[in-house]
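Thanks for coming, everyone. Let me put the structure up, and then I'll walk through a few points.

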Amino acid sequence: MKPFTIAIAGKGGTGKTTVSGLLIQLLVERAEGPVLAIDADPNANLNQALGLKFEQTIGGLERETLKTLTDLPAGMTKGRYIEYRLQQLLVEAEGLDLLVMGRGEGPECYCIVNHILRNYMDFLAGNYKYMVMDNEAGMEHISRRTTTDVDVLLVVSDANPVAIRAAERIDELVDELNINVKERYLVLNNLPDRLPQKAKEMLEGTGLEVVGEIPRDEALLGLSWEGKSLESLSPDSPALEAVRVIMDRVLCSRERAFLSH
Ligand SMILES: Nc1ncnc2c1ncn2[C@@H]1O[C@H](COP(=O)(O)OP(=O)(O)OP(=O)(O)O)[C@@H](O)[C@H]1O
Ligand SMILES: [Mg+2]
């Protein structure tokens, strides 16, 4: 079975990791099945948002195995060895596992390690009900590391013109990279009390449907200053409530897709 896959993208600093973390937290709370969180940003910090520690990244393992593949434990094939090490990378928590991609080797590396990685990722994904990917703006990992289709892409933007333009660019990039994305939406985050008229006009021009609006929530910023995980956020946080609405809409779209088949 394939997991219902939600990918989060957007310009740097717009709140991708925060939205990913809150969404993951809410999906785990629903307890419908295990969630796989993938940190696909080279500057990994989803683990911190989730309050989890990781030992090594997939990129790190890739570099290490490329160096040591000639020196394997006796009786072990390359494939078996890499799979074994990959299993050790998975961070396990209650209802949730985390995999951290780290920095990759560059798109030109079509080596055996990459091939095994792809297969392993696809195999692994089959164990989960939901998969949530926190991406970098470039979306490179999605196209390289897994063949899994994306059910819903959430492009996060704040009310600034640079972030809105970046959201439009990501929308185009998805088509250029031929990533199979079933539905895509814009998530507005960190919003002031009143959205400036200019932002409204620009947003209307993007062609992306807004699935939810997350207000500026000082408590989130406070946690970030203190380096605390999102778990410490009060259950009545307005940002958490807004992400709950987004989750419900996204999951409704899953049911719609299911019924139309
Ligand atoms: N709705 C919000 N209200 C207040 N602060 C927020 C909100 N959303 C995010 N932030 C704060 O903005 C900062 C950037 O958020 P976050 O790390 O989630 O962005 P990002 O897009 O993942 O950044 P990067 O591109 O560096 O990975 C953090 O300090 C976070 O706490
Ligand atoms: Mg981030």
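Glu-226 counts as exposed, at 53%. The side chains of Lys-228 and Glu-226 meet in a salt bridge, 3.0 Å from N to O. Salt bridge here means a side-chain nitrogen of Lys or Arg within 4 Å of a carboxyl oxygen of Asp or Glu.

Some ground rules. This is a predicted model, where local features need pLDDT of at least 70 and side-chain atom pairs count only at pLDDT 80 or more, while totals for chains, interfaces and linings use all residues. Residues are numbered from 1 along each chain as its sequence is written, chains are lettered from A and ligands numbered from 1 in the order written, and side-chain values use heavy atoms, without hydrogens and water.

How many salt bridges does the structure hold? There are 11 salt bridges. Take Glu-29 and Arg-244: their closest N and O atoms are 3.7 Å apart. Glu-29 lies in helix H1 and Arg-244 in helix H10 (residues 238–259), so this pair ties together parts 215 residues apart in sequence. Helices are DSSP runs of H or I, at least four residues; strands are runs of E, at least two; both are numbered from the N terminus. Arg-30 and Asp-248 also form a salt bridge, at 3.6 Å, N to O. Arg-30 lies in H1 and Asp-248 in H10, so that pair links parts 218 residues apart in sequence. Arg-30 is partly exposed at 33% relative accessibility, and Asp-248 is partly exposed at 36%. Glu-29, Glu-241 and Arg-244 are linked in a network of salt bridges.

Now Asp-158. Where does Asp-158 lie? Asp-158 sits in the loop between strand S6 (150–157) and helix H7 (161–176). Asp-158 is buried yet has no salt bridge. The nearest side chain of opposite charge, Arg-216, is 7.2 Å away. For charge, Lys and Arg count as positive, Asp and Glu as negative; His and the chain ends are not counted. H9 gives the most to the largest pocket's lining, 5 residues.

How values were computed: Buried < 20%, exposed > 50% of the residue type's maximum accessible area, 1.4 Å probe, protein only.
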